[in-house]
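Biologist: I'd like a close look at one spot here, the surroundings of the ligand. Could you take me through it and then out from there?

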Amino acid sequence: MTAKVLSFLNFKGGVGKTSTTALTSFNLAKLGYKVLTIDFDPQANLTSLFLKTKSISSNDEIITIDKALMSAVNEGTNLQNIVIPIVKNLFLIPNAVDFSMYNRFLDRNLTSEEEKIAFFRNRINPLKNTYDFIFIDVPPTISLPNDTAFFACDQIIVVLQTQERSLSGAEVLINYLQQTLIDDFHSTVDVMGILPVLSKRNAQVDEEILNSAIKEFGKENVFESKITIMERIKRMDLTGITDNDHDVWDKRVHKSFTNVAKEIIARLGVE
Ligand SMILES: Nc1ncnc2c1ncn2[C@@H]1O[C@H](COP(=O)(O)OP(=O)(O)OP(=O)(O)O)[C@@H](O)[C@H]1O
Ligand SMILES: [Mg+2]
């Protein structure tokens, strides 16, 4: 196998990138794919969510981490050494606050822009034979560190909050990927599509933005699957990802993200 490397993206904070990454990965793993998630954010939200998830499935044992991404980068060791299993088929490379030093690390250790941008892609290349999917969860910034993550990606999925009343965020982002990564650095990254996150509080605005997105980017570039606002997802920040077959709210969340997972598989044309 050669893993497909993906990232959910939006430059605004708090639009659901981390939750979407976690729940999509969780459901791809449930479908039988081997999934590695990489927390690329020193705020470590994905790490915290997945360690809680691991803790529930291992009888509430408290899980601590020895090494996070920055140590492995500094030491130049194989990233596989710091991978933590979460649940069956799902794995995590954890992050921690020391990752704010990554920018400085790139500046000190690499000279050309080309070397810097390709750094992370080279570091995850050896992992690709072990997984079907690798997801990188990035913080909401336009920065060299994030560029190294996008440069490592095969596909980027743009997360669009439809209550924003404007598509400008998605437009800026797509132009940025095109100009910076593709034109300047000859990245082969592709935008897989736009995944709408609907507010429901204002269905008419949702509908309008969705229609403009279809008009602007083409129907085929907007995901059929849509995420709605579900209170259960917020609760999972505290509890970890719960997946109780007898709980209607858990079932709703996972049904929604199984659809996203299946659509990703269909769009990639993988088995
Ligand atoms: N579909 C959803 N329904 C309800 N709440 C959600 C949904 N998706 C995310 N949230 C909640 O919104 C908050 C922000 O989500 P999340 O951390 O995933 O966003 P983010 O884009 O990764 O943020 P940041 O830019 O800070 O990394 C969290 O409390 C999360 O539980
Ligand atoms: Mg996040």
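Which of the 18 residues around ligand 1 come nearest?

Modeller: Gly13, Gly16, Lys17, Thr18 and Ser19 come nearest among those 18 (a residue counts as near if its C-beta atom, placed from the backbone, lies within 6 Å). Before going on: this is a predicted model, where local features need pLDDT of at least 70, side-chain atom pairs count only at pLDDT 80 or more, and totals for chains, interfaces and linings use all residues. Residues are numbered from 1 along each chain as its sequence is written, while chains are lettered from A and ligands numbered from 1 in the order in which they are written.

Two helices, α1 and α9 (231-239), each supply at least two residues of the shell around ligand 1; helices (H or I, at least four residues) and strands (E, at least two) are DSSP runs, numbered from the N terminus. By class, the shell splits into eight nonpolar, six polar and four charged residues (Ala, Val, Leu, Ile, Met, Phe, Trp, Tyr, Cys and Pro are nonpolar, Asp, Glu, Lys and Arg charged, the others, Gly among them, polar).

Now follow α1, residues 17-30. Helix α2 (residues 45-57) packs against α1 at about 40°, with the axes 10 Å apart; axes are lines fitted to C-alpha atoms, for helices over the stretch in contact, and angles run from 0 to 180 degrees between N-to-C directions. That makes α1 and α2 oblique to each other (under 35 degrees is roughly parallel, over 145 roughly antiparallel, 65 to 115 roughly perpendicular, the rest oblique). Thr18, Thr21 and Ala22 of α1 make this contact with Asn45, Leu46, Leu49 and Phe50 of α2 (contact: C-beta atoms, placed from the backbone, within 7 Å). The α1-α2 contact has four nonpolar and three polar residues, and no charged ones.

Helix α1 also meets α10 (residues 248-268): their axes come within 8 Å and cross at roughly 80°, so these two helices are roughly perpendicular. On the α1 side, the residues are Leu23, Thr24, Asn27 and Leu28; on the α10 side, they are Val253, His254, Phe257, Thr258, Val260 and Ala261. Six residues of the α1-α10 contact are nonpolar, four are polar and no charged residue takes part.

Further out there's an open sheet of eight strands with mixed pairing, in the order β3-β4-β2-β5-β1-β6-β7-β8 (strands pair if DSSP finds at least two bridges between them). At its edges sit β3 (84-87) and β8 (227-228), each pairing on one side only. Inside the sheet, β2 (residues 35-39) runs parallel to β4 (residues 90-93), and four bridges link the pair. Across from Ile93 of β4 you'll find Ile38.

Helix α7 (residues 168-184) touches β1 (4-9), β6 (155-161) and β7 (190-198), and its direction makes about 165° with that of β6. Helix α8 (residues 203-217) packs there too, touching β6 and β7, with its direction at about 165° to that of β7.

Conventions
Two residues are in contact if their C-beta atoms, placed from the backbone, lie within 7 Å.
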